[in-house]
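Let's take a walk through this structure together, starting from a single bond and ending in open space. Keep the sequence and the 3D view side by side as you read.

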Amino acid sequence: MPQSAVLTSRRAELTDKTARDNKEETKMTLKWSALVTAALGLAITGGAVEAQTKLKWAHVYETSEPFHTQSVWAAQELAKRTNNRYQVDVYPASQLGKETDLNQGLSLGSVDIIVSGSSFAARSSPPIGITYYPYVFRDANHLLAYTKSDVFKELAKGYSDKTGHQIIAVTYYGARHTSSNKPIKTCADMKGVKIRVPDVPAYLAMPRACGANTSPIAFAEVYLALQNGTVEAQENPLTTIEAKKFYEVQKHIALTGHIVDHLNTVVSSNLWKKLSDEDKKIFSEVAQEAAARASAEIIAKEKELVGFFKEKGLTVTEVDKEDFKQNVLKSVTFESFGYRKADYDKIQTIKSEPAL
């Protein structure tokens with residue numbers, strides 16, 4: 001073969017080899033590009049999943065109440081402060097069940113966060129129910145000071161140790177007062193009075209210590225029972241007396257303030273374990289801010305209602321709380337409820353914060 005032909009053939013082979021090499025290189029480039037794209041896709045998808053972590057926050061209160069409106073605010077804040085890694089849906093008005101169901105739901109996994117009274121927490125850890133013993137708190141500010149105390153931390157830990165659930169905030173619910181058809185100024189004035197009281201031992205303690213005849217009428221039937229004289233009195237926070245229009249069928253309100261009630265914001269054990277320390281801090285701070293906002297609303301509303309009831313023609317009377325308190329202490333032991341007197345004594349020494 002002539003040398004020129006050999007050279008031509010050799011050039012053709014080199015050209016083919018270069019083409020093949022370029023083709024393989026292109027394939028490898030495309031392959032790595034696809035792998036990188038896939039990896040980025042997984043990362044993005046993973047982030048999207050994290051952003052869509054959905055949580056259920058539930059309670060039994062109406063949408064107009066601060067316990068709901070501030071829960072909604074908290075849900076929005078949690079999304080904002082975690083860069084939308086959590087989406088919290090709030091279910092009001094027993095949409096996910098009654099309070100007993102919600103407390104059970106924390107363990108069953110049907111809810112992640114609830115707002116609920118300590119009376120339900122006390123079913124798992126009785127000592128935390130000490131807050132329902134009559135006259136354990138002087139007023140709302142004493143209660144709020146308690147929530148920052150060592151005794152509260154100890155009682156909340158006892159509940160958490162039993163259930164795994166975490167109490168991250170406490171909201172003032174209202175002081176329970178007594179409305180009636182006759183004036184009540186002292187404990188003795190309640191003797192023989194037919195009063196509707198929930199069938200809960202701690203709620204029954206004060207009326208019974210004062211000699212009243214208690215009747216556990218269903219809450220939905222209280223208005224009619226007061227109207228037709230089945231009972232002559234009832235006890236509830238001023239906000240409830242106003243909302244349920246009990247003032248239409250009662251003449252007097254005695255500011256007995258026998259139980260200063262509150263609600264806990266509780267995170268399920270399952271969720272709490274999954275949260276990072278940073279997220280636990282965010283959840284706690286947001287819940288506490290929401291609780292403070294709701295508490296301030298309730299305290300302001302109670303002050304307004306005293307004037308509202310007087311305008312409606314009712315007499316609103318300050319009572320000698322010490323008189324009521326001493327009668328309760330003589331009649332009802334802490335141990336009968338599963339409470340500890342030592343906790344009561346510690347709470348009594350707590351100094352109240354400045355009024356909200």
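Is the link of Cys187 and Cys210 left-handed or right-handed? The angle about its S-S bond is -115°, and the link is left-handed. Before going further, please note that this is a predicted model, in which local features need pLDDT of at least 70 and side-chain atom pairs count only at pLDDT 80 or more, while totals for chains, interfaces and linings use all residues. Residues are numbered from 1 along each chain as its sequence is written, and side-chain values use heavy atoms, with hydrogens and water left out.

The structure holds 1 disulfide (a pair of cysteine sulfur atoms within 2.5 Å). In it, the sulfur atoms of Cys187 and Cys210 sit 2.0 Å apart. The pair joins distant parts of the chain, 23 residues apart: Cys187 is in the loop between E4 and strand E5 (194–196), and Cys210 is in the loop between helix H7 (201–209) and strand E6 (213–215). Helices (H or I, at least four residues) and strands (E, at least two) are DSSP runs, numbered from the N terminus. Cys187 counts as buried because its relative accessibility is 3%, and Cys210 counts as buried at 4%; buried means under 20% relative accessible area, with a 1.4 Å probe and protein chains only.

Next, find helix H2 (residues 66–81). Its 16 residues should span 22 Å at 1.5 Å a residue, and its end C-alpha atoms are 21 Å apart, which agrees; the expected span is 1.5 Å times one less than the number of residues. The buried residues of H2 include Phe67, Trp73 and Leu78. The buried residues of this helix pack against strands E1 (53–58), E2 (86–91), E3 (113–117), E4 and E8 (252–267), and against H11 (contact means heavy atoms within 4.5 Å). Just after H2, Asn83 takes a positive phi of about 55°.

Now for the empty space. Rolling a probe the size of a water molecule over the atoms shows where such space is left. On a 1 Å grid over the protein atoms alone, a cavity is a set of points where a 1.4 Å probe fits but cannot get out; a pocket is an open set with protein on both sides within 12 Å along at least five of seven lines, and lining residues have an atom within 4 Å of a point. Grid points are joined across faces, edges and corners, and a volume is the space filled by probe spheres set on the points.

There is 1 cavity of 30 Å³ or more, and the largest cavity holds about 90 Å³ of space. Among the residues lining this cavity are Trp57, Phe67, Gln70 and Ala287. H2 and H11 are the elements that give two or more residues to that lining. By class, the cavity lining has 8 nonpolar, 4 polar and no charged residues. Here Ala, Val, Leu, Ile, Met, Phe, Trp, Tyr, Cys and Pro count as nonpolar, Asp, Glu, Lys and Arg as charged, and the others, Gly among them, as polar.

The largest pocket has a volume of about 1,400 Å³. It is lined by 42 residues, and Val60, Tyr61, Glu99, Tyr173 and Arg176 are the closest to its centre. That lining divides into 20 nonpolar, 9 polar and 13 charged residues.

Finally, the second largest pocket holds about 530 Å³ of space. H11 gives the largest share of its lining, 6 residues.

Note on methods:
Buried < 20%, exposed > 50% of the residue type's maximum accessible area, 1.4 Å probe, protein only.
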